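Subject: Structure handover

Hello,

Here is the structure for you to look through. Please open it beside this email and follow along.

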Amino acid sequence: MALCGTVAGAYRAAASSGQVELSASAHHHPILPLLVDTDAPRGVSAAIALPSPPFRAPEDATAQVRRARESHARRFGAPPRGAWPPEGAVRDAALAILAREGFAWVASDEAVLARALRARDGDLRDWPAALYRSYEVATGAGPIRMLFRDRRISDAIGFAFRHWDPKHAAEDFLDRVRRAAATA
């Protein structure tokens, strides 16, 4: 239990030394696009069953983002520059809230990028190199950068490596990152 009390300090030290950049998620982990407007999934599927009448609370989404930023600043000594929205859920209105609240970048899942590129280009070109770039998204509150996780690497970190020998897991992780860098 005593070890748990040291985690925030270790993260704060790593961030202040420049070893890592910490991100934040909306305070009570709401799915921001749904909090803004429960009709948001209509952009993905017109057939999806949604509440009627729709629920719309963009001011609550803003409050959740603001609280997360303030909590992060208190805990880690500086406000976060980046956000990982709960479940990686993003829509234009949610990105505008994050930009307005001072976030410079947002991370999401590679499936979000693949869907956006297919919608824009009609197919998926230059994959996986497209995955390893950042993208600037114009919002009503100004531009924000988007980054996308490589699901295979992320899942290995979250689910596989904990069962491996630490040295082997670290070597495998570095090999995966090097292979990804070679395609970028």
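Strands S1 and S2 (residues 82-83) run parallel and are joined by two bridges. Serine 23 stands opposite glycine 82 of S2. Strands pair here if DSSP finds at least two bridges between them. Strands themselves are DSSP runs of E with at least two residues, helices are runs of H or I with at least four, and both are numbered from the N terminus.

This is a predicted model, in which local features need pLDDT of at least 70 and side-chain atom pairs count only at pLDDT 80 or more, while totals for chains, interfaces and linings use all residues. Residues are numbered from 1 along each chain as its sequence is written, and side-chain values use heavy atoms, with hydrogens and water left out.

**The sheet and the chain**

S1 and S2 belong to an open sheet of five strands. Its order is S1-S2-S3-S5-S4, and the pairing is mixed. The edge strands are S1 (23-24) and S4 (135-137), and each pairs on one side only.

Helix H4 (residues 92-100) lies across S2, S3 (105-109), S4 and S5 (144-149). H4 runs at about 120° to S5. Axes are lines fitted to C-alpha atoms, for helices over the stretch in contact, and angles run from 0 to 180 degrees between N-to-C directions. Contact means heavy atoms within 4.5 Å.

The chain has seven helices and five strands. From the N terminus, the elements run α-β-α-α-β-α-β-α-β-β-α-α. The C-alpha atoms fill a box of roughly 55 × 40 × 30 Å, taken along the principal axes.

H6 (151-160) and H7 (residues 166-183) pack at an angle of about 170°, with axes 11 Å apart. H6 and H7 are therefore roughly antiparallel to each other; that label needs an angle over 145 degrees, while under 35 is roughly parallel, 65 to 115 is roughly perpendicular and the rest is oblique. H6 makes the contact with Arg152, Ile153, Ala156 and Ile157. H7 answers with Phe173, Arg176, Val177 and Ala180. Six of the contact residues are nonpolar, none are polar and two are charged. Ala, Val, Leu, Ile, Met, Phe, Trp, Tyr, Cys and Pro count as nonpolar, Asp, Glu, Lys and Arg as charged, and the others, Gly among them, as polar.

**Pockets and a cavity**

The search uses a 1 Å grid over the protein atoms alone. A cavity is a set of points where a 1.4 Å probe fits but cannot get out. A pocket is an open set with protein on both sides within 12 Å along at least five of seven lines. Lining residues have an atom within 4 Å of a point. Grid points are joined across faces, edges and corners, and a volume is the space filled by probe spheres set on the points.

The largest pocket has a volume of about 750 Å³. It is lined by 26 residues. Nearest its centre lie Val90, Arg91, Val112, Arg115 and Ala116. Which helix gives the most to this lining of the largest pocket? H5 does, with eight residues. The lining has 19 nonpolar, two polar and five charged residues.

The second largest pocket holds about 480 Å³ of space. Of its 16 lining residues, Arg149, Asp150, Ile153, Ser154 and Ile157 are closest to the centre. H6 supplies the largest share of this lining, six residues. Ten of the lining residues are nonpolar, three polar and three charged.

There is one cavity of 30 Å³ or more. The largest cavity has a volume of about 50 Å³. Its lining includes Ala24, Ala83, Trp84 and Phe103. That lining divides into ten nonpolar residues, one polar and no charged.

Most residues other than glycine have a negative phi, and most peptide bonds are trans.

- Serine 52 and proline 53 are joined by a cis peptide bond, with omega about 0°. Proline 53 is in the loop between H2 and H3.
- The bond from tryptophan 127 to proline 128 is cis, with omega near 15°. Proline 128 sits in the loop between H5 and S4.
- Histidine 29 is not a glycine, yet has a positive phi of about 60°. Histidine 29 is in the loop between S1 and H2.

Best wishes
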